Amino acid sequence: MGRAFEYRKAAKMKRWGHMARTFTKIGKQIAIAVKSGGPEPENNPTLRAIIANAKRENMPKDNIERAIKNAMGKDQSEYKAVTYEGYGPHGVAVFVDTLTDNTTRTVGEVRSIFNKFNGNMGTTGSLSFLFDHKSVFTFKKKEGLDMDELILELIDFGVEDEYDIDEETNEITIYGAPTSFGDIQKHLEAEGFEVTGAEFTYIPNDLKDVTPEERETIEKMVEKMEDFDDVQTVYTNMKPAEE
């Protein structure tokens with residue numbers, strides 16, 4: 001298994017957010033997708049991808065449909081995606097993805113949390129050298145699938161030749177260029193694959209070792225960040241704990 005898969009697997013094993021907060025965050029994503037591409041999933045690939053992620057998080061169908069309906073309301077707030085970055089406690093690099101309708105509020109709260117944990121929020125792009133920004137797709141493996149052939153087809157879209165297979169769920173995960181998100185999704189759907197997850201992610205290319213005590217402090221900071229409704233996802237380059 002590749003570095004990216006191992007890092008993402010470790011991150012998923014540690015769920016800092018409660019289910020209700022997860023649904024709230026997905027609701028914001030749905031709002032943006034509906035505003036930009038309409039409420040019909042069949043005509044809105046971004047919305048289709050978000051719905052697949054929502055189902056993966058066990059978000060009830062009624063919640064998904066209500067979020068779509070709410071996004072069509074005239075008084076629906078306009079959200080935009082903003083990423084903040086900096087160093088947390090013990091020199092760990094941190095990326096914070098947010099969806100916000102008030103950047104003044106969001107940047108103030110994120111900076112406050114960095115400061116509370118003796119961290120330091122940096123300028124946009126200052127830590128990009130420590131992370132690879134990727135689009136990630138997970139889909140069900142079809143019987144008789146030739147992965148080498150599929151990867152060759154997708155290389156033109158910036159998909160890497162490294163992929164991961166989860167034998168327990170019979171799912172394949174591939175990684176590609178963020179700018180190719182729509183093209184990759186379109187190709188997978190055209191080939192009849194059941195896409196069960198589609199997202200953007202930051203994968204650290206230089207993992208930092210920490211002590212158990214340092215890990216505890218860093219995890220407290222991440223938890224505090226993810227408690228803030230504007231925050232979608234927090235990424236760090238902290239080395240995953242050994243099982």
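**Sheet, helices and salt bridges**

Mentor: T83 has D97 in strand 2 as its bridge partner. Strands here are DSSP runs of E with at least two residues, helices are runs of H or I with at least four residues, and both are numbered from the N terminus. This is a predicted model, in which local features need pLDDT of at least 70 and side-chain atom pairs count only at pLDDT 80 or more, while totals for chains, interfaces and linings use all residues. Residues are numbered from 1 along each chain as its sequence is written, and side-chain values use heavy atoms, with hydrogens and water left out.

Trainee: In what sense do strand 1 and strand 2 pair, and over how many bridges?

Mentor: Two strands pair if DSSP finds at least two bridges between them. Strand 1 covers residues 80-87 and strand 2 covers residues 93-100. Their pairing is antiparallel, and the number of bridges is eight.

Trainee: In what order do the four strands of the open sheet lie?

Mentor: Pairing in this sheet is antiparallel. Its edge strands, each pairing on one side only, are strand 3 (120-121) and strand 8. Strand 2 pairs with strand 8 over five bridges, and V96 has V234 in strand 8 as its bridge partner. The order is 3-1-2-8.

Trainee: How many of the six residues of strand 8 are buried?

Mentor: Buried means under 20% relative accessible area, exposed means over 50%, and partly exposed is in between (1.4 Å probe, protein chains only). Helix 8 lies across strand 2 and strand 8. Strand 8 is mostly covered, and the count of its buried residues is five.

Trainee: At about what angle does helix 8 run to strand 8?

Mentor: Axes are lines fitted to C-alpha atoms, for helices over the stretch in contact (heavy atoms within 4.5 Å). Angles run from 0 to 180 degrees between N-to-C directions. For helix 8 and strand 8 the angle is about 160 degrees.

Trainee: Which residues of helix 4 are buried, and why do they line one face?

Mentor: Helix 4 spans residues 61-71 and has I64, A67, I68 and A71 buried. Seen down the helix axis, these residues fall within an arc of 100 degrees, so they line one face of helix 4. That arc is taken from the directions from the helix axis to the C-beta atoms. On the other side, the exposed residues include D62 and K69.

Trainee: Which residue meets R105 in a salt bridge at 2.9 Å, N to O?

Mentor: A salt bridge is a side-chain nitrogen of Lys or Arg within 4 Å of a carboxyl oxygen of Asp or Glu. R105 is in helix 5 (residues 103-116), and its partner is in the loop between helix 8 (212-227) and strand 8 (231-236), 125 residues apart. The partner is D230.

Trainee: How far apart are the closest N and O atoms of E171 and K140?

Mentor: E171 lies in strand 6 (residues 171-176) and K140 in strand 4 (residues 131-140), so the pair ties together parts that are 31 residues apart in sequence. E171 counts as buried at 8% relative accessibility, and K140 as partly exposed at 29%. The distance in this salt bridge is 3.9 Å.
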